[in-house]
Amino acid sequence: TFAYWISNRFYEIFSEAKLLREVAEPKQGLATTDNNRFLRLWFEVDILKIKFNCQSKIEAKESGFKWFPYNKGGEFRKWYGNNEFTVNYQFDGKEIKANVLRKYKYLKTPDFVVKNSDYYFNTGITWTFVSSRSFGARYLPNGFIFDVGGSCIFPRRDKIFYILGFLCTKIAYELLEIQNPTLNFQVGNIGNIPIVLTEDIQHQNIINSIARESTNISKQDWDSFETSWDFKKHPLLTHKKEANTIEGAFYNWSAFANQQFNQLKANEEELNRIFIEIYGLQDELTPDVDDK
């Protein structure tokens, strides 16, 4: 099926451009089949028993650790964050796999549920499966297992920030809406987004730089609260400076947060402008980003 209302230029983009799955195919991940048993928020378990920054399945299995960071999607958020859960994947998911085979006796292997395990712990890009607020793509550092609600895509490392920058533009959202207006972002929809990989080195460098900076801004925001396992210090202390009252410290924090907000908005508008030019959509879209 195809949207009858799209412009000629959008039709040309779908006809001519590579699809994202030709560059890096989106993947669904683990379905534990019993989240109450196998999932915990990271602060519900002993943090010393969580294996962070794991590089591979082999390292995870040999470590003997029980808990590993688990990407579950979460609420709408761009660039970085929603890192809240851990999963019991001790000894290559021994308990999960045994439980799956016990529950579904017709299965000869748990691979139907423990999907794409060769991609576990890799650096990639994730998004929230269901959203009521647009499309939120995020950088996923190495060390995570991912599920269906937090499906992922794994481009070459030198393409990660280019593709992340693109997925955080209004162009990517428009291309998704043409395929599926329900705000239910399945791997098939993501894989069918037309992607233009510009050969302009200057554009590549700018896109990569802006996407990295935006990810860092979002990470700094995420880590400024105790809901992050990388939390170090409360922002009232971080931004205290010369202030000798809570009010003064809060004012400093507020000023910094506004500065970061404005920078992130400017970054997204610049990415919109660049990709509108790359896709030839100057007559279709503006680079403006709403404050909300």
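**Figure 1. Pairing of strands E3 and E4 in the predicted model.** Strand E3 (residues 67–71) and strand E4 (residues 85–88) run antiparallel and are joined by 4 bridges. Within this pairing, Phe68 stands opposite Val87 of E4.

**Figure 2. The open sheet.** The sheet is built from 4 strands in the order E2-E4-E3-E7, with mixed pairing. Strand E2 (39–41) and strand E7 (145–146) are the edge strands, each of which pairs on one side only.

**Figure 3. The aromatic pair of Trp42 and Phe43.** The structure holds 17 aromatic pairs. One of them, formed by Trp42 and Phe43, is edge-to-face, with 5.7 Å centre to centre and 80 degrees between the planes. Trp42 counts as buried because its relative accessibility is 11%, under the 20% cut-off. Trp42 and Phe43 also belong to one aromatic cluster together with Phe52, Phe144 and Trp229.

**Figure 4. The aromatic pair of Phe225 and Trp253.** These two rings form a tilted pair, at 6.2 Å centre to centre and with 50 degrees between the planes. The pair links distant parts of the chain, 28 residues apart: Phe225 lies in the loop between helix H9 (201–223) and helix H10 (235–238), and Trp253 in helix H11 (residues 246–279). Phe225 counts as partly exposed, at 37% relative accessibility, whereas Trp253 is buried, with a relative accessible area of 19%.

**Figure 5. Lysine charges over phenylalanine rings.** The charged end of Lys51 sits over the ring of Phe65, 5.7 Å from the ring centre. Lys115 lies over the face of Phe112, at 5.7 Å from the centre of that ring.

Conventions: Residues are numbered from 1 along each chain as its sequence is written. This is a predicted model: local features need pLDDT of at least 70, side-chain atom pairs count only at pLDDT 80 or more; totals for chains, interfaces and linings use all residues. Side-chain values use heavy atoms; hydrogens and water are left out. Two strands pair if DSSP finds at least two bridges between them. Helices (H or I, at least four residues) and strands (E, at least two) are DSSP runs, numbered from the N terminus. Rings of Phe, Tyr and Trp (its six-membered ring) pair if their centres lie within 6.5 Å; planes under 30 degrees apart count as stacked, over 60 as edge-to-face and the rest as tilted. Buried means under 20% relative accessible area, exposed over 50%, partly exposed in between (1.4 Å probe, protein chains only). A charge sits over a ring if NZ of Lys or CZ of Arg is within 6 Å of the ring centre and within 35 degrees of the ring normal.
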